[in-house]
Amino acid sequence: MKVVMPEYNTLTRGDIDMSGFETIGDLVVLDHPTKAELKAELADADILFVNKWNVDEDLLSAAPRLRYVGECATGYNNIDIAACKRRGIVVTNVPAYSTDAVAQQVFAFLLEHFARVHDYNDFVKDGGWVRSGNFSEFCFPTAELAHKTIGLVGYGRIGSKVASIAKAFGMNVLATSRSFLSGYSGDGLAQFVPLDTLLAEADVVSVHCPLNEDSLHLFDAKTFAKMKEGAFFINTARGPIVSEKALAAALKSGHLSGAAVDVIEEEPMKEGSVLLGVDNCIVTPHVAWAPKETRQRLVDVVLSNVYAWLEKEPFNVVDVD
């Protein structure tokens, strides 16, 4: 059985146990292959593991023996599920592995914006405190999270986790979701309101919805204009949910006080990205999911998925919506 992994090196830097993949069959690891190189390896492949590779009709046409695609992530918008189903290819994903890590990243962003730890550390290291003569040199404005309102766009496992942490900080939580239209969530943490209400009232807006036809560029110039003056925007979901040109414009105009994104429209970032020149926008390189424990958990579930499929008892199977 031939197993192909074109994104093996996105999962590890040699710091987690990947040995289980070698027990499945003849493992072929490709390092940043071209599409032609990947197609060539798929000609006689049985199993494909991907993370961001676009598994479309073109790629599948080069893989006549392929019977299993293991998505090494929660989101599977990069895979044509219907095309796989027509070919009898089982697709699995990994739900919920990164909930704690992504929620942690949201609050790393929030604390960086409101507490300005990085700015103060740079100030001290540059000798600013030595020169100031003041025992407390509060030269950068800071603010409390308590009593501020956070608006969550999407309320799955990660949104719910963010809500629970926000409550611990004393924040008010609003949420909007296709699953709930009004009232309080079952966990009692969030009040569900229409998106326009959330945008108008939230001091912080954090995105946690999947990428699909409805959410593509959900945050555009009109959406940002509806947000509260001085609000802070966070995206740890998927880059194309946000129009980066619109976000940059909202930040440069001062309508938003800041933003923090872990995902962008095209990854890896290209030279000339509109977000690189925006001082009040924090950008991290899609690392919210990347703590060591999180990646090991991901790999363990990916392997459990394929072992279950081999035993003809598949779970975490993705089907056509």
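The entries below go from the whole chain to single residues.

**Entry 1: the whole chain**

I noted first that this is a predicted model. I then looked up the secondary structure, which comes to 12 helices and 13 strands. For overall size, I found a radius of gyration of 22 Å, close to the 20 Å that the globule rule gives for 321 residues, so the chain is as compact as a globular protein of that length. Along the principal axes, the C-alpha atoms fill a box of roughly 70 × 50 × 35 Å.

How many of the residues count as buried? I found that 47% of the 321 residues do. I also looked at contacts between residues at least 6 apart in sequence: 61% of these join residues at least 24 apart.

**Entry 2: the nonpolar cores**

A reminder to myself: in soluble globular proteins, nonpolar side chains tend to be buried together. Here I found that the largest nonpolar core has 29 residues. Among those with the most contacts inside this core are Val205, Phe219, Met227 and Leu256.

Which elements give two or more residues to this core? My list reads α9 (195–201), β10 (204–207), β11 (231–235), α11 (244–252) and β12 (256–261). The largest share, 5 residues, comes from α11.

Leaving out residues up to four places away in sequence, Val205 touches Gly151, Val153, Leu198, Leu199, Phe219, Met227, Phe232, Phe233 and Ile234.

**Entry 3**

Next I looked up the partners of β4. Strand β3 (residues 47–50) runs parallel to β4 and is joined to it by 4 bridges. In this pairing, leucine 48 stands opposite valine 69. Strand β5 (residues 90–92) also runs parallel to β4, with 3 bridges between them. There, glycine 70 stands opposite threonine 92.

How does the chain cross from β4 to β5? I traced it through helix α4 (residues 81–86), and this β-α-β crossover is right-handed.

**Entry 3: aromatic pairs**

A pair of aromatic rings is described by the distance of the centres and the angle of the planes. My count for this model came to 11 aromatic pairs.

Phenylalanine 107 and phenylalanine 169 have ring centres 5.5 Å apart and planes at 5 degrees, so I wrote this pair down as stacked. Are they buried or exposed? Phenylalanine 107 counts as buried because its relative accessibility is 5%, under the 20% limit. Phenylalanine 169 has a relative accessible area of 34% and is partly exposed.

Phenylalanine 123 and phenylalanine 140 gave me an edge-to-face pair, with 6.3 Å from centre to centre and 90 degrees between the planes. Phenylalanine 123 lies in helix α6 (residues 117–125) and phenylalanine 140 in the loop between α7 and β6, so the pair ties together parts 17 residues apart in sequence. Phenylalanine 140 is partly exposed, at 22% relative accessible area.

I also noted a cluster in which ring pairs link Phe21, Phe49, Tyr68 and Trp309.

Glutamate 267 and proline 268 are joined by a cis peptide bond, with omega at about 0 degrees. Proline 268 belongs to the loop between β12 and β13 (281–283).

Which histidines have a positive phi? Histidine 147 has one of about 75 degrees, although it is not a glycine. I found histidine 147 in the loop between α7 (128–132) and β6 (149–153), and its relative accessible area of 67% makes it exposed. Histidine 286 has a positive phi of about 55 degrees and is not a glycine either. Histidine 286 is placed in the loop between β13 and α12 (292–310).

Notes. Residues are numbered from 1 along each chain as its sequence is written. This is a predicted model: local features need pLDDT of at least 70, side-chain atom pairs count only at pLDDT 80 or more; totals for chains, interfaces and linings use all residues. Side-chain values use heavy atoms; hydrogens and water are left out. A nonpolar core is a set of buried Ala, Val, Leu, Ile, Met, Phe, Trp, Tyr and Cys residues joined through side-chain atoms within 4.5 Å. Buried means under 20% relative accessible area, exposed over 50%, partly exposed in between (1.4 Å probe, protein chains only). Contact means heavy atoms within 4.5 Å. Two strands pair if DSSP finds at least two bridges between them. A crossover is right-handed if, with the strands pointing away from the viewer, the path from the first strand over the helix to the second runs clockwise. Rings of Phe, Tyr and Trp (its six-membered ring) pair if their centres lie within 6.5 Å; planes under 30 degrees apart count as stacked, over 60 as edge-to-face and the rest as tilted. The radius of gyration is taken over C-alpha atoms; the globule rule is 2.2 Å times the number of residues to the power 0.38.
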